[in-house]
Amino acid sequence: MKKEDKALVIENIANTLKEYNGFYLVETAGLDAEKTSALRRACFGADIKLLVVKNTLLHKALESMDGDFTELYPALKGATSVMCTNVGNAPAKLLKDFVKKGDTLPALKAAYVEETVYYGADQLDALAAIKSKNELIADVIALLQSPAKNVVSALQSGATKLHGILETLSNKEEA
């Protein structure tokens, strides 16, 4: 490959990574055609962009980007695929589904999610537990609605009690 072509590929990789909030480095070298197709379909369905890249080109793309990616460099050995995502836990959940089926591959090498580096396949559970932005918003809304619902229900049930107490007091005063 010519030097100009490499520079263009490096720039394309860097631009692709910048479009997404996070990315996973995954080992996919041992997958057969059927499992590779299944992985690609699953990624497409989960809105994850799957790239197969050369480690040296990915290394140079990471160096050209803002941020410190030095912790990821040791993971750039063997065949590496990059799973780009805007939902931090989506690739982890997808990889866990493959593990549940008894597949050893694709295997997580490292991940960069929410400006944090996760290194090693043992981090898969931690990555899957990360809540997405939409899940966090739903949790906050649920927390905000809960006290309001409690106040409304207390007012509704208390209104009948309060009415009864006031009526009793007014009857007492008349007598």
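# Burial, pairing and salt bridges in a predicted model

Guide: Leu166 has its place in helix 6 (residues 133-174), where a helix is a DSSP run of H or I of at least four residues, a strand is a run of E of at least two, and both are numbered from the N terminus. This is a predicted model, in which local features need pLDDT of at least 70 and side-chain atom pairs count only at pLDDT 80 or more, while totals for chains, interfaces and linings use all residues. Residues are numbered from 1 along each chain as its sequence is written, and side-chain values use heavy atoms, with hydrogens and water left out.

Visitor: Why is Leu166 called exposed?

Guide: The relative accessibility of Leu166 is 51%. Exposed means over 50% relative accessible area, buried means under 20%, and partly exposed lies in between (1.4 Å probe, protein chains only). Leu166 therefore counts as exposed.

Visitor: What makes the nonpolar surface patch that includes Leu166?

Guide: Ile165, Leu166 and Leu169 make the patch, which covers about 290 Å². Patch members must have over 30% relative accessible area and no salt bridge; nonpolar side chains (Val, Leu, Ile, Met, Phe, Trp, Tyr) are joined within 5 Å, and like charges within 9 Å. The areas come from the Shrake-Rupley method with a 1.4 Å probe, and for residues only the protein chains shown count as cover.

Visitor: Why is Thr28 called buried?

Guide: Thr28 has 15% relative accessibility and therefore counts as buried. The residue lies in the loop between strand 1 (22-27) and helix 2 (33-45). Leaving aside neighbours within four places in sequence, Thr28 is in contact (heavy atoms within 4.5 Å) with Leu39, Ala79, Ser81 and Pro106.

Visitor: How does one know that Ala75 is buried?

Guide: The relative accessible area of Ala75 is 5%, so this residue is buried. Ala75 is placed in the loop between helix 3 (55-64) and strand 3. Not counting residues up to four places away in sequence, Ala75 touches Leu25, Thr80, Lys109, Ala110 and Tyr119.

Visitor: In what order do the five strands stand in the open sheet?

Guide: The order is 2-3-1-4-5, with antiparallel pairing. Strand 2 (49-53) and strand 5 (116-119) each have a single partner strand and stand at the edges, so one side of each lacks a neighbour in the sheet. On average, neighbouring strands are turned by 20 degrees against each other, direction ignored.

Visitor: How do you know that strand 2 and strand 3 pair?

Guide: Two strands pair if DSSP finds at least two bridges between them. Strand 2 and strand 3 (residues 80-85) are joined by five bridges and run antiparallel. Lys49 stands opposite Cys84 in strand 3.

Visitor: Which bridges hold strand 1 to strand 3 and strand 4?

Guide: Strand 1 pairs with strand 3 in the antiparallel sense over five bridges, and Val26 has Ser81 as its bridge partner there. Five bridges also join strand 1 to strand 4, again antiparallel, with Ala110 as the partner of Leu25.

Visitor: Why is strand 1 described as largely enclosed?

Guide: Six of its six residues are buried, so strand 1 is largely enclosed by the rest of the structure. Gly22, Tyr24 and Val26 point one way, while Phe23, Leu25 and Glu27 point the other way.

Visitor: Where does helix 4 lie?

Guide: Helix 4 (residues 90-100) lies across strand 1, strand 3 and strand 4 (107-113), at about 130 degrees to strand 3. Such angles run from 0 to 180 degrees between N-to-C directions, and the axes are lines fitted to C-alpha atoms, for helices over the stretch in contact. Its buried residues are Ala90, Pro91, Ala92, Leu94, Leu95 and Phe98.

Visitor: What makes the pair Asp103 and Lys35 a salt bridge?

Guide: A salt bridge is a side-chain nitrogen of Lys or Arg within 4 Å of a carboxyl oxygen of Asp or Glu. For Asp103 and Lys35 the N to O distance is 3.1 Å. Asp103 lies in the loop between helix 4 and strand 4 and Lys35 in helix 2, so the pair ties together parts 68 residues apart in sequence. Asp103 is buried at 15% relative accessible area, whereas Lys35 is partly exposed at 33%.

Visitor: How many salt bridges does a search of the whole structure find?

Guide: The search finds five. Among them, Lys96 and Asp125 meet at 2.8 Å, N to O; Lys96 is in helix 4 and Asp125 in helix 5, 29 residues apart. Lys131 and Asp139 also form one, with the closest N and O atoms 2.6 Å apart.
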